[in-house]
Structure formats: structure tokens, C-alpha cells
Amino acid sequence: MQAGENVTVKLSNPALLSGRRLTWAEIDLDNLVQNLRVMKDAVGPEVAIMPALKADAYGHGAIACAHALEQAGADWFGVALPEEGLLLRESGISRPILCLGGFWEGQEDLLAVRDLTPVVFRLGLLERLDQQAKKVGRVLEYHLKVDTGMGRLGLPFEQLREFLDAAAGLSNVKLDGVMAHFASADLPAKSEFTREQMTRFESAVELVRSRGHMPRWIHQANSAAAHAIPEARGNIVRLGGAIYGLWRDTTNPTVGALPWQPVMSLHTRVTFMKTVAAGTALGYGSTYVTSRESCIAILPVGYADGLRRALSNCGRVLVRDQFAPIIGRVSMDLTIVDVTEIPGVEIDDEAVIIGRQGEGEITAEEMAAQIGTIAYEVTCGISDRVPRVYIRQKIPKKIP
């Protein structure tokens, strides 16, 4: 997809699926842009927005999402790996890209050539970056990550002074951002710990400035903090789930939700039907046995597509605007549903796995709760063999 391309696909026409597999994910780029607008209105014009495009935009398709968001006025993009940033650059994305997970030894040349900004938390890697910058005759910017309580990547506060003094002696790198990451901004019971993280971060920023560094960008807020803790926003917020309309299990429930809209829906079609007698065992392990004569439908989707095996005998889909239970084990490529109570079901009828049909809705958060995880894992787990179909009814205006 090129910048500004307008794509409209109406999947209600089965002919559009001719010759392709009958399982697909719809990505609503209008909803994606609307979520960006919602967050921009919430944080205000003085705060920049960095949508996270890591993990192929949480399974939504990083390139298509990046072009829609760039056109709509996103300020930065965040990726986990330089390789992800490279794909965005090769697709024509021009906004600044922050590599949130840092970089590996030997990737510093990629950062310089493709104008990717790394997060740094090890002095040795910063020295390598400085050496590469000298080779290409540039000053390369980086963001310093401080661990304020997340306990993963990030420079411990007690090592910060030593790091800053050493960094001041490197002539071809510039500390342009200071960042941290919240561990529990979505959990009201952990609010005191979140405040402690904020205090540590303020101390770190003060120390950075006191040692002669003048970073432009100060950021620690993820979606949950950007939504619920205005004083944590700094001058840029990093948005993951909220930008994709995933919030029910990753934002603070005591703060009113914003009008986010889900961006991904997952669909398939009935590929086979039959009626079986009472007492018929179905699926691997015969874990489901019919208690009555039953009409069952087979869906060409399974755990290799991202419909988790843990949904066996407990998940549900929407068929003809009604909920149909998943029965038997979800297998690699196929799933059985019971449509006995749904009149008129036919081969080629659409089944919605995530999304709306009629008055019914199955959210990614609902599916996640059933299998003991969060919605991010659900959308990231929709595999590459599921085609993404991008829907865009209008070209959005740039966000002011």
C-alpha cells in the first residue's frame, strides 16, 4: 500500500473471495485513524503521539497501518526491532521511528543508513553507535531508557550518573530522549507503585539535565497511563492497544473509557455441514459427545490461524446473527460449531470469530479472558496465513 492509497473492500460479496481461502481478517483503517483522533483530543496538542507498530502492528499489518496513521498526522512510530523499522522505511514511511528494544551489536550501520532512532540502556552499545556515526560523518540521536520499576530493559538509576558522564564524552551521539515504562498503570490497586515509578522518573530526568544533556523528548506513558494519568504524559505518549481499539483488559477500569473502536475483526465461512445422531463423538480425543440429534458446521479455521486450542468446548462464534458454541477440540485447520438452534444455516454463510454480526459482538478481550491472556496476544496470534483485508471508506484529514 502506498501513502494516501484509498482501499475499499466489501466482504458481503462472496465473489470477492473467489479463489482464496475463506478465512480472513478485516482491518478497518477508518477506525484506526479515529482512535488516533480520540487520543489526540484526550492528550492535547502539546503532546506528540507515537503509535506502536511492533509485532506487525499487534497483528494488524504494520505497513498499511503506518501509512494510514502517518497520513493522519501521527508524530512518531515505535517498533521493537530495527528490522521492523527497516520494513517501514522501505515502504516509504518518513516519520521518526524509535526502536524500543534497542539494537544488537552489528546493527548500528542499519540505524544510521535508515535513520532509525535507537533506545539505549548499555554504554557499550552507545559507544558502538558513536563509532558508526563517526564513520558516516553524522551525529546520531538516541533515547535513554531508565528502569523505574518495570524490571526489564533499562539502565538502573544507580548507574545513571556514570552512564551520563561517559556519554558526555562521545562526540557523535546525542541524548535526545529519556524514557521509562510503567508496569501497572492499568491496575488501580497498584496506583501507589505507579506513583513511585513517576517519582523515580522525575529524578532521572532531573539528573540527565543536571549533567548537561538537553533531551527534547520525555516519555513514560503507555496507553493506560496516557488515558488515566495526565501528569505522566510528558511530551509524547506511546500508544499500543488503544490505537487498535483494544482497551478492556489493559486500561484502568476506574477511569471512563474513551470512544475507541476495534480495528481488527476475524471472519470465516461455513465450509461443510451435516446432521449427526445423539451420542456422536466429535473431534480429536472425542471430548464432545452430542446429547441430541445435532446440526454441526465445519469452519476452515484453527489454531494455526490464531483460533486458540484453549477455546475447545468453550468458545463461540457468530453465525446468522446468533452465537454458536465451539464443540470438540479446535484443531490445526478446522473447528466444529453447533448450529442446531440457528435456523437456515447454509454452506458459505459467514461466521464471525472476532467482531460484530447483527446485534452480537465477540471482542478480542472476551476471547482473551476465556483463555487466560490479554487481547494483545489474541491479535498478535492471528497468523500470517490469514489474509488481511484493509477497509478504508474515506481519506482522513490530517489531525491538527
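Predicted model: local features only at pLDDT ≥ 70, side-chain atom pairs only at ≥ 80, totals over all residues.

Buried means under 20% relative accessible area, exposed means over 50%, and partly exposed covers what lies in between, using a 1.4 Å probe and protein chains only. Residues are numbered from 1 along each chain as its sequence is written, and side-chain values use heavy atoms, leaving out hydrogens and water.

Staying with the cysteines, how many disulfides are there? If a disulfide is a pair of cysteine sulfur atoms within 2.5 Å, the count is zero. For Cys65, the closest cysteine sulfur belongs to Cys380, and it is too far for a bond because the separation is 12 Å.

Next, the interior. A nonpolar core is a set of buried Ala, Val, Leu, Ile, Met, Phe, Trp, Tyr and Cys residues joined through side-chain atoms within 4.5 Å. The largest one has 108 residues, and Leu53, Tyr142 and Leu144 touch the most other members. Apart from it lies another core of 10 residues, including Trp76 and Trp217.

Now to strands and helices, which are DSSP runs numbered from the N terminus (helices: H or I, at least four residues; strands: E, at least two). Strand β21 (residues 388–391) is covered on both faces: Arg388 and Tyr390 are buried on one side, Val389 and Ile391 on the other. Helix α10 (residues 364–371) holds Glu365, which is buried at 7% relative accessibility.
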